[in-house]
Amino acid sequence: MNRYRYARVASCTPTVRLADPAANASAIISALEEASTRHTDIMVFPELSVTGYTCADLFGQSVLREKTVSALEEIARATEGLATVCVAGAPLERNNRLYNCAVVIANGRIEGVVPKSFLPNYGEFYEKRWFSSGHNTDGTIEVGGNMVPFGTGMIFTCRSSGGGSGDFRFGIEICEDLWVPEPPSTRLALAGADVILNLSATDELIGKHEYLVNLIKNQSARCRAAYVYASAGLGESSTDLAFSGNGIIAENGSLLAESRRFSLEPQTVFADIDIEALRNDRMHFSSFSDNINPEQEVRGCREITIATPENDFELEYRKINPYPFLDPDPGKLQARCDEISSIQAWGLMQRLRATGCRKAVVGISGGLDSTLALLVTVKAFDMLGLDRKGVTGITMPGFGTTGRTHRNAVTLMERLGVTDMEISIAKAVSSHFEDIGQDPAKHDVTYENSQARERTQILMDIANKENAMVIGTGDLSELALGWCTYNGDQMSMYAVNTSVPKTLVRYLVEGYARNTDDEALRKTLTDVTETPVSPELLPADADGNITQVTEDLVGPYELHDFFLHAMLRHGFGPEKILMLACIAFDGKYDRATIQHWLRTFYRRFFSQQFKRSCMPDGVKVGSICLSPRGDWRMPSDATSSLWLKQLDQ
């Protein structure tokens, strides 16, 4: 495991020679040696990979069983000096019974043997003809004259001999074990296994592969673990079955790697598993630990410690999504946009129903956030069957409003069929400046925030006048950075974008643009997504262009959204976030730039908590929300010094 708490795992499907343990051992050793050069922590092979799964009644032949033990000893000798733990399948005898086993081999010896718990005895599979169930067995087994730990309740802990990067734990189940109502992996995960290994021999049937992948993903999600699956392939008997070689690696519900099936060559897939993220997830979701039976916790699982060498490596077998709030599959764009906007509109619809309110007021700037808020509000009114004219959109040009954003605001209101109003704030703010002695030529925070608060006052007063509800437009990214005016645009009666980060806001508006049949609306929405993000509180330049670009001041939102997701969703520290961001944005931002904006993120995130402590209600749409009533509770007086110190180091 490397210093960032990633474990490198591999699933290998070698070509087997049926009933030839020596040849299969050679293939396994060759794969292990290659994996070791790639700093692999664990490599798992298919069920009964030392003999081949389809040997059938040949398992009853003593010569095959004897040569199987010899092959395991050969593999053990080969692992001496290798960084990789080997987990291979073999038939082994114990107390006059034959078991279908997973054999854990490392450091030149066999570390443990896990028997299969649940044996299929239906359709094309008749394992009970040859093997005994190992369910709930515990003890030792003799392999080649050595007594080795044996049983189903074992957790293998890989601990660095140098003690530098901590440890990680894995547990094992075999093929059919996964398909039962309560798989052994559930108990193993509750007992602390971060990674579940499955040695399998799955035949191919129509539609079975898709079912299998979903089964593995779902079990990894339920166990909040990584799941490494290796299944039999080329070389197995095709008398009645076809084995295509499934190598599948999932982590907490996500598919990380998958081999190519029906290959004439051996197949190996690798993945870098985030042990820290898995453990943080288990701590965060208390329902996971609530599943632990007190009696089981006392009895526990037997722990086998495997000393492993320092195995530091750079992430190579893991994709780091620079946009963690967006679905990486472009084919799912429209479906995801529809789902998110429906959640937003549903929350607002319920608030309107509960209060008996039939009107809404939205401040329309022509920017991304207010555009999305207006689209969601209109959708909520459509859900309720209310006239869109009950939605009042108000554009409030000020000292920094440009012609581009003003045109977009007006067009949006016209095309969506809402009641539109225009109220300039220039006169009221100028009068306010005179009242408080503010020099209009001094473009400081007072100059900016006075405009924001004047706009909020107008919205609130119009809402009172019309018996309406003010719909907030601020998004998750702005709340995280505190990029909003306290008692200004920070406040509303219901905030529909409160858990939608800026990168997702743009994604959603683009989705609306693609989905509309109104060409004028589509063009306007597209232009909104292409307009620089700005509060437009400072005067435009001589050509009427925006001078106050938000991302020039606080940093790129795509970086901040990445930081926010890594910090809140996974609990990562600055060092790891910096490393991940450098990988995700390689070629776009250099390390110094990322580090600079990460420092800005921490500084602002901590200092601006007081704004989030009194944020208005708003529906949660994703895994991260900063509402003080649920997802994020933080003292406003907390210091960021620990985080900034680690970042500086």
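What volume does the second largest pocket have? In this predicted model, where local features need pLDDT of at least 70, side-chain atom pairs count only at pLDDT 80 or more, and totals for chains, interfaces and linings use all residues, the second largest pocket has a volume of about 1000 Å³. Residues are numbered from 1 along each chain as its sequence is written, and side-chain values use heavy atoms, with hydrogens and water left out.

On a 1 Å grid over the protein atoms alone, a pocket is an open set of points where a 1.4 Å probe fits, with protein on both sides within 12 Å along at least five of seven lines, and lining residues have an atom within 4 Å of a point. Grid points are joined across faces, edges and corners, and a volume is the space filled by probe spheres set on the points.

The second largest pocket is lined by 50 residues, of which S365, R455, D489, S534 and P535 are the closest to its centre. At least two lining residues each come from α9 (368-384), β19, α10, α12 (445-466) and β21; here helices (H or I, at least four residues) and strands (E, at least two) are DSSP runs, numbered from the N terminus. Helix α12 gives the largest share, seven residues. By class, this lining holds 19 nonpolar, 22 polar and nine charged residues, with Ala, Val, Leu, Ile, Met, Phe, Trp, Tyr, Cys and Pro counted as nonpolar, Asp, Glu, Lys and Arg as charged, and the others, Gly among them, as polar.

The largest pocket has a volume of about 1500 Å³. Its lining counts 42 residues, and those closest to the centre are S254, N321, P324, P328 and H565. Two or more lining residues come from each of β15 (254-258), α5 (275-284), α8 and α17 (557-570), with α17 providing the largest share, five residues. The classes here are 21 nonpolar, nine polar and twelve charged residues.

Five strands form an open sheet in the order β20-β19-β18-β21-β22, with parallel pairing, where two strands pair if DSSP finds at least two bridges between them. Strands β20 (419-422) and β22 stand at the edges with a single partner strand each, so one side of each is left without a neighbour in the sheet. The parallel pairing of β21 (residues 469-472) with β22 runs over two bridges, and I471 stands opposite Y494 in β22. Helix α8 (residues 333-355) packs on the sheet and touches β21 and β22, its direction making about 165 degrees with that of β21. Helix α10 (residues 403-416) also packs on the sheet, touching β19 (391-395) and β20, at about 165 degrees to the direction of β19. Axes are lines fitted to C-alpha atoms, for helices over the stretch in contact, and angles run from 0 to 180 degrees between N-to-C directions; contact means heavy atoms within 4.5 Å.

Finally, a few single residues deserve a look. D167 lies in strand β11 (residues 167-174) and is buried, with a relative accessible area of 11%, where buried means under 20% (1.4 Å probe, protein chains only). Apart from neighbours within four places in sequence, D167 is in contact with M1, R5, T157, C158, R159, I275 and R279. L48, in the loop between β2 (42-44) and α2 (62-79), counts as buried because its relative accessibility is 0%. Although L48 is not a glycine, its phi is positive, about 50 degrees. N487, in the loop between α13 (476-481) and β22 (494-495), has a positive phi near 60 degrees and is likewise a residue other than glycine.

How values were computed: Buried < 20%, exposed > 50% of the residue type's maximum accessible area, 1.4 Å probe, protein only.
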